[in-house]
Amino acid sequence: MITTRGFTGRPRAREDRERVPPGQYLIEDFPVLSAGPTPRTSLDRWTLALQDGGSLLGKWTWEEFQALPQTEVTVDIHCVTKWSKLGTVWEGVTIDDLLEAAGLDEPPAPYLMAHCDGGYTTNVPVEDLLGGKGLVATRFDGEPLAPEHGAPARLLVPHLYFWKSAKWVRRLRFMEQDEPGFWESLGYHIYGDPWREQRYDGD
Amino acid sequence: MTATEASLPSARAGARRLPWWQAEVVERVAETPRTATLVLHVPDWPGHRAGQHVDVRLTADDGYQAQRSYSIASPPEALPLALTVERLEDGEVSPWLAGEARPGDRFELRGPIGGYFAWSVADGGPLLLVGGGSGVVPLMAMLRHRAASGEAGRAVPARVLLSSRSVADIIYREELERLGSVLGGPGIVHTITRERPPPGWHGYARRIDAPMLADAGFSPAAAPRVFVCGPTPMVEAAAEVLVRLGHAPGRVKTERFGPTGGG
């Protein structure tokens, strides 16, 4: 390790160190990071599909999705571009409730690919989505999601780097084998645990 | 090793960790009142593509570290590596990089990172670059790469639309003028958003909008490769307009930054 002359950094609070993963810093606002233009899908054309490979397990219109059990969570989120935001409040449908709504007792395969409007994809192990750990979120801070933050619905997997919380999600596809999604194919880590600082391939 | 890692496709199995490289400051050059270019000696630098960025890590005497990401300004064919950094008033890392660093200072960097917002002459064109403020930095790496590629570079039509607060805030202004004035150089259009245009100003004086993009850009029929980089509201607006004008969303690559209260 080399030290940098003249650099002192910000004062650090102990409670921050316990909640902020290595290499991250706290912010109050909510930056936007997307690889392309913000897609805009009207609610009357929006559906969310659950798939096992190529076969359809369930599909919900916006109205049907709103009728599913809604869960509110308060979580810390961590972006691979180094910012973390504490105590964010989201509302949506847990993956557990989605599986139940599709009549499934257990997930059909161990991995999942989220497919989004605009072509974005990201892969997540299914065990990281169960037990209330994963949500399809439609509200942030008591309000419907803003378009640039993923409206009308985004995946929320707050214990992984935030690129896994795919915006504009439309299709959740179970897979037997893990496959890299969009950023995972471009040098980012296949799993992305912020507490192990798994930012890039090989971390 | 977790189950996840154990089942990686074979192409990824050989992935090696991106190392932290040691960087030594060769020179700090003021670009505008709020930005500076750091010229860096990075002995083991593996090379990069135009548009990629690096993670910078500064370490205080007590071991405290702070990391941030910065775009690479230098083209792949030229060493030393250069970063252009905008100083954020309440920033933690950028004030040191843009205001404090001096020759001989050392820190760590990791990269290159990001293979999506990147362009090579071999990718072809036409090339449309839309930048706001210090969002010009990765676009400048592309323009420098194009200029360094001789005939092949000149064969790719290129146009640039840059939005800055004021004339004094235009980063790389003279170099852009030089690049734009040579035969086969890129067409460069400026707009300023927070100052009345000075006498003799040939650019626009308003935020980027549809008529401006239609005028300064390429027709959607030419299917340009479009790169948009800048503050979130500017990128959101420009990308939305480009799609509305008829550009395929998949041809419009974006990189948004700030304001994060961090940098």
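Strand 7 (residues 127–132) and strand 10 (residues 225–231) of chain B pair in the parallel sense, over 5 bridges. One of the residue pairs across them can be picked out: B:Leu128 has B:Val226, in strand 10 of chain B, as its bridge partner. The model in view is a predicted one, and every position discussed here should be read with that in mind.

In chain B, an open sheet of 5 strands has the order 9-8-7-10-11, and its pairing is parallel. Which strands stand at the edges of this sheet? They are strand 9 (187–192) and strand 11 (252–257) of chain B; each has a single partner strand, so one side of each is left without a neighbour in the sheet. On average, neighbouring strands here are turned by 10 degrees against each other, direction ignored. A helix lies across part of this sheet. Helix 4 (residues 136–147) of chain B lies across strand 7, strand 8 (158–164), strand 10 and strand 11 of chain B. Relative to strand 7 of chain B, helix 4 runs at about 150 degrees.

Next comes the division of chain B into domains. The domain assignment gives domain 1 as residues 18–113 and domain 2 as residues 121–257. Taken over C-alpha atoms, the centres of the two domains of chain B are separated by 24 Å. Their contact takes 18 residues from domain 1 of chain B and 15 residues from domain 2 of chain B. On the domain 1 side, strand 1 (20–32) and strand 5 of chain B are the elements that give two or more residues. The residues of that side divide into 7 nonpolar, 7 polar and 4 charged.

Some backbone details in chain B come next. The peptide bond from B:Leu79 to B:Pro80 is cis, with omega near 5 degrees. B:Pro80 has its place in the loop between strand 4 (65–71) and strand 5 of chain B. Another cis peptide bond joins B:Gly125 and B:Pro126, where omega is about -5 degrees. B:Pro126 is in the loop between strand 6 (106–113) and strand 7 of chain B. A further backbone detail concerns B:Tyr172, a residue other than glycine with a positive phi, near 60 degrees. B:Tyr172 is in the loop between strand 8 and helix 6 (173–181) of chain B. Is B:Tyr172 buried or exposed? With 22 other C-beta atoms within 10 Å, B:Tyr172 is buried, because the cut-off for a buried residue is 20 or more.

Phi of A:Trp168 is near 60 degrees, a positive value in a residue other than glycine. A:Trp168 is found in the loop between strand 10 (154–156) and strand 11 (169–175) of chain A. A:Trp168 counts as buried, with 26 C-beta neighbours inside 10 Å.

Strand 2 (residues 47–52) of chain A pairs with strand 3 of chain A in the antiparallel sense over 6 bridges. There, A:Gln51 stands opposite A:Leu56 in strand 3 of chain A.

The two chains meet in a contact that takes 44 residues from chain A and 47 residues from chain B. The chain A side divides into 18 nonpolar, 15 polar and 11 charged residues. For the complex, the predictor gives an ipTM of 0.91 and a pTM of 0.92.

How values were computed: Residues are numbered from 1 along each chain as its sequence is written. Chains are lettered from A and ligands numbered from 1 in the order in which they are written. This is a predicted model: local features need pLDDT of at least 70, side-chain atom pairs count only at pLDDT 80 or more; totals for chains, interfaces and linings use all residues. Two strands pair if DSSP finds at least two bridges between them. Helices (H or I, at least four residues) and strands (E, at least two) are DSSP runs, numbered from the N terminus. Axes are lines fitted to C-alpha atoms, for helices over the stretch in contact, and angles run from 0 to 180 degrees between N-to-C directions. Two residues are in contact if their C-beta atoms, placed from the backbone, lie within 7 Å. Ala, Val, Leu, Ile, Met, Phe, Trp, Tyr, Cys and Pro count as nonpolar, Asp, Glu, Lys and Arg as charged, and the others, Gly among them, as polar. Domain bounds come from an automatic or database domain assignment. A residue is buried if 20 or more other C-beta atoms lie within 10 Å of its own, exposed if 12 or fewer, and partly exposed in between; C-beta atoms are placed from the backbone.
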